[in-house]
Amino acid sequence: MTLRAGIAAALALGLAACFYSEEPLIERREADRVYMSGHYTHAPYDPETGAQWDTPTWVGRILYRGRRYDSPQENFPHRRARLHRLGGDVFIAEVPTPEGDRWMYGVVFRYPRQRAATYHIADCHALNEAARAGHGVTLDEEGFCRIENFEQLQAVMRAYLEEHAGEDLRIDGIYRRER
C-alpha cells in the first residue's frame with residue numbers, strides 16, 4: 001500500500017461514526033502537552049485484523065506550537081491536533097477534518113516507556129443509547145454524534161471509556177518517537 005493510500009485509509013476510518021463538533025472545543029488553556037517535539041513514525045492498524053501495518057505510512061518531525069501538534073512534513077495525518085488529559089496517560093484528541101469544516105474526537109493512550117502513543121477513534125455507535133441521551137448527544141442521520149461544548153465532550157468520553165472498561169478497544173494507529 002502506498003503512503004497516499006495509507007493516509008486515505010486512516011482518514012476514512014476517522015470519519016466513520018465519530019464524535020464531532022462544528023468548532024474546536026479544547027481551548028488553548030485546556031490543552032495538554034502529551035509528547036515532546038521530535039522525529040516520529042506513524043502506522044495505522046488494519047481494521048480487519050487489528051494488526052499494526054509493517055511499514056509506517058508517515059515519517060517526520062512533529063512540533064508542538066500554539067498548544068497544537070503539527071509538522072513541516074507533508075501528509076502529517078493529524079495536523080493541528082490538540083490533546084486534553086482525561087486522567088493518567090489517557091487523553092481526548094481533537095483533530096480537524098481534512099476539509100477543515102468539523103473537528104473529530106478520539107482517545108489517545110500514551111506509553112512513556114515505549115516512547116509511543118496509540119489512538120482510538122471513538123465510535124458514537126459504540127456508546128449505548130441511554131448514555132448518549134444522558135449526555136445530550138444523538139446519532140444523526142449520517143451516523144455522527146455532535147458535541148456542543150467542552151464539558152459535554154469530557155463527560156461523553158469518560159462515559160465511553162467506562163462503558164468499554166476491561167475491553168480491548170480497537171487501536172486505529174500508533175506514533176513512535178524515534179529521536
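This report describes the salt bridges and a charged surface patch of a predicted model.

## Basis of the model

Residues are numbered from 1 along each chain as its sequence is written, and side-chain values use heavy atoms, with hydrogens and water left out. Because the model is predicted, local features need pLDDT of at least 70 and side-chain atom pairs count only at pLDDT 80 or more, whereas totals for chains, interfaces and linings use all residues.

## Salt bridges

The structure holds 7 salt bridges (a side-chain nitrogen of Lys or Arg within 4 Å of a carboxyl oxygen of Asp or Glu). One of them joins the side chains of Arg-68 and Glu-94 at 3.5 Å, N to O, and this pair links distant parts of the chain, with Arg-68 in strand E4 (residues 68-70) and Glu-94 in strand E6, 26 residues apart. Both Arg-68 and Glu-94 are buried (buried means under 20% relative accessible area, exposed over 50%, and partly exposed in between, with a 1.4 Å probe and protein chains only).

Asp-70 forms a salt bridge with Arg-79, their closest N and O atoms being 2.5 Å apart; Asp-70 counts as buried at 17% relative accessibility, while Arg-79, at 31%, counts as partly exposed.

## A negative surface patch

Glu-22, Glu-23, Glu-99 and Asp-101 form a negative surface patch (patch residues have over 30% relative accessible area and no salt bridge, and like charges are joined within 9 Å). Among them, Glu-99 lies in the loop between strand E6 (90-96) and strand E7 (103-111), and Glu-99 is exposed because its relative accessible area is 59%.

Conventions
Patches are made of residues with over 30% relative accessible area and no salt bridge: like charges are joined within 9 Å, nonpolar side chains (Val, Leu, Ile, Met, Phe, Trp, Tyr) within 5 Å. Accessible areas come from the Shrake-Rupley method with a 1.4 Å probe; for residues, only the protein chains shown count as cover. Lys and Arg count as positive and Asp and Glu as negative; His and the chain ends are not counted. The place of a charge is taken as NZ of Lys, CZ of Arg, CG of Asp or CD of Glu. Helices (H or I, at least four residues) and strands (E, at least two) are DSSP runs, numbered from the N terminus.
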